[in-house]
Amino acid sequence: MGFGSDKPASAMSDFLRNNGGYAVIDGGFATELERHGADLNDPLWSAKCLIDSPHLVRRVHLDYLEAGADIIITASYQATIQGFEAKGFSKEESEALLQKSVEIAREARDVYYEDNGNERSLRNFPILVAASVGSYGAYLADGSEYSGDYGEKITLEYLKKFHRRRVQVLAESGADLIAFETIPNKLEAQAYAELLEEDDIKIPAWFSFSSKDGVNVVSGDSILECASVADSCEKVLAVGINCTPPRFIHGLILSIQKVTNKPILIYPNSGETYDGQTKTWIKSTGVSDVDFISYVNKWHEAGASLIGGCCRTTPNTIRAISNNLSKGPDALRPSEPVTSSHSVKYQLVK
Ligand SMILES: [Zn+2]
């Protein structure tokens, strides 16, 4: 039985409760691919490796699992049928590449389970594979991913049409959930919510927004309104923030809590600034790993229960997050297998 298929609404809360009150999300995927030598200067960005270096994709998933990630996010952030077709792939080949992103993550999970004596897969807290869906702006690769400004021609229906087949394919590919990431505006969140409902998508999802001021999402839409869209959609099991500087995260957690009781996820970037023109990160505008980590237990105390890193964070960041949370003041991650009769002890998750 898949994650969320028996009790969809509470699947994430149940998962977290069995997992000691928190889960660790992986870190910057593209960042780590580049560290392994991948060249991502391409409209497909990290999804280019699905075509030319799947072994690196698998390696990076394993790096994050070994660092302590409980949830790994697939390389499909910038993988779209339209983007693959622009490279000359057929519709069928493009869909197969989307499926491949999930297959590689599942393979990495199997290898990790085997290397670790299958202990985790037998527990109530398996590792989850989250199929990434990046925004329409990420597909455009023109900077609108971080402005959320798509112009007036882009309507709700346009966005639904753009994402529909991609979401359907990922939902049928064996992932545990869909991670809608770096959502830049309210319109795109509404498009995702309507797609999930209308197409009767069979796996749950999380919605994760990005912000550059700690008050609004990057388009200027209110985080309260955006998080409310996520709250109203039954298929959305967690809501939060990613690819946003660490200094804004605490305030955003408090805002999101005003409009939802769903578990809150956060996976900030390193705090460095991305220059959409040159497609590079401006160095020395961020925080060090040490500073990033000093925030982690505060974010957890403030109410975030799924914590990881986004662009420019590394397996070292994730290892430190994992170590910090397991030593935190209210950490209850069990070291022995948990059966459902024990789960009442782990009630930190709201
Ligand atoms: Zn990012």
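Trainee: In which sense do β3 and strand β4 (residues 177-183) pair, and over how many bridges?

Mentor: Strands pair if DSSP finds at least two bridges between them. β3 and β4 pair in the parallel sense, over 4 bridges. Within β4, Ala179 stands opposite Ser132. Helices (H or I, at least four residues) and strands (E, at least two) are DSSP runs, numbered from the N terminus.

Trainee: What should I know about the model before going on?

Mentor: It is predicted, so local features need pLDDT of at least 70 and side-chain atom pairs pLDDT 80 or more, while totals for chains, interfaces and linings use all residues. Residues are numbered from 1 along each chain as its sequence is written, and side-chain values use heavy atoms, without hydrogens or water.

Trainee: What does the protein chain average in pLDDT?

Mentor: pLDDT is the predictor's confidence in each residue, from 0 to 100. The protein chain averages 90, and 91% of the residues score at least 70. Over residues 335-350, pLDDT stays under 50. The model scores ipTM 0.98 and pTM 0.92.

Trainee: Back to β3. Which strand pairs with β3 over 3 bridges?

Mentor: That is strand β2 (residues 71-73), and the pairing is parallel. Ile73 stands opposite Ala130 in β3.

Trainee: Why is strand β3 (residues 128-133) described as largely enclosed?

Mentor: Buried means under 20% relative accessible area, exposed over 50%, partly exposed in between (1.4 Å probe, protein chains only). In β3, 6 of the 6 residues are buried, so the rest of the structure largely encloses this strand. Both faces are covered. Leu128, Ala130 and Ser132 are buried on one side, and Val129, Ala131 and Val133 on the other.

Trainee: How many residues of strand β6 (residues 236-242) are buried?

Mentor: 7 of the 7, so β6 too is largely enclosed by the rest of the structure. Strand β5 (residues 205-209) pairs with β6 in the parallel sense over 5 bridges. Phe207 has Val239 in β6 as its bridge partner. From β5, the chain crosses through helix α11 (residues 223-232) to β6, in a right-handed β-α-β crossover. Right-handed means that, with the strands pointing away from the viewer, the path from the first strand over the helix to the second runs clockwise.

Trainee: Through which helix does the chain cross from β6 to β7?

Mentor: Through helix α12 (residues 249-259), again as a right-handed β-α-β crossover. β6 and strand β7 (residues 264-267) pair in the parallel sense over 4 bridges. Here Gly240 stands opposite Leu265 in β7.

Trainee: Which residues are the protein donors of the zinc ion?

Mentor: Donors are N, O and S atoms within 2.8 Å of the metal (3.2 Å for Na, K and Ca); water is not among the atoms, so sites may look incomplete. Cys243, Cys310 and Cys311 each give an SG atom, lying 2.2 to 2.3 Å from the zinc ion. Their spacing in sequence is C-x66-C-C. Cys310 counts as buried at 10% relative accessibility, and Cys311 at 8%.

Trainee: Which members of the largest nonpolar core touch the most other members?

Mentor: A nonpolar core is a set of buried Ala, Val, Leu, Ile, Met, Phe, Trp, Tyr and Cys residues joined through side-chain atoms within 4.5 Å. The largest core has 81 residues, and Leu33, Ile178, Phe180, Phe207, Phe209, Ile266 and Ile321 touch the most other members. Helix α6 (residues 91-115) gives the most to this core, with 8 residues. A second, separate core of 24 residues includes Ala130, Ala179, Cys243 and Trp281.

Conventions. Contact = heavy atoms within 4.5 Å.
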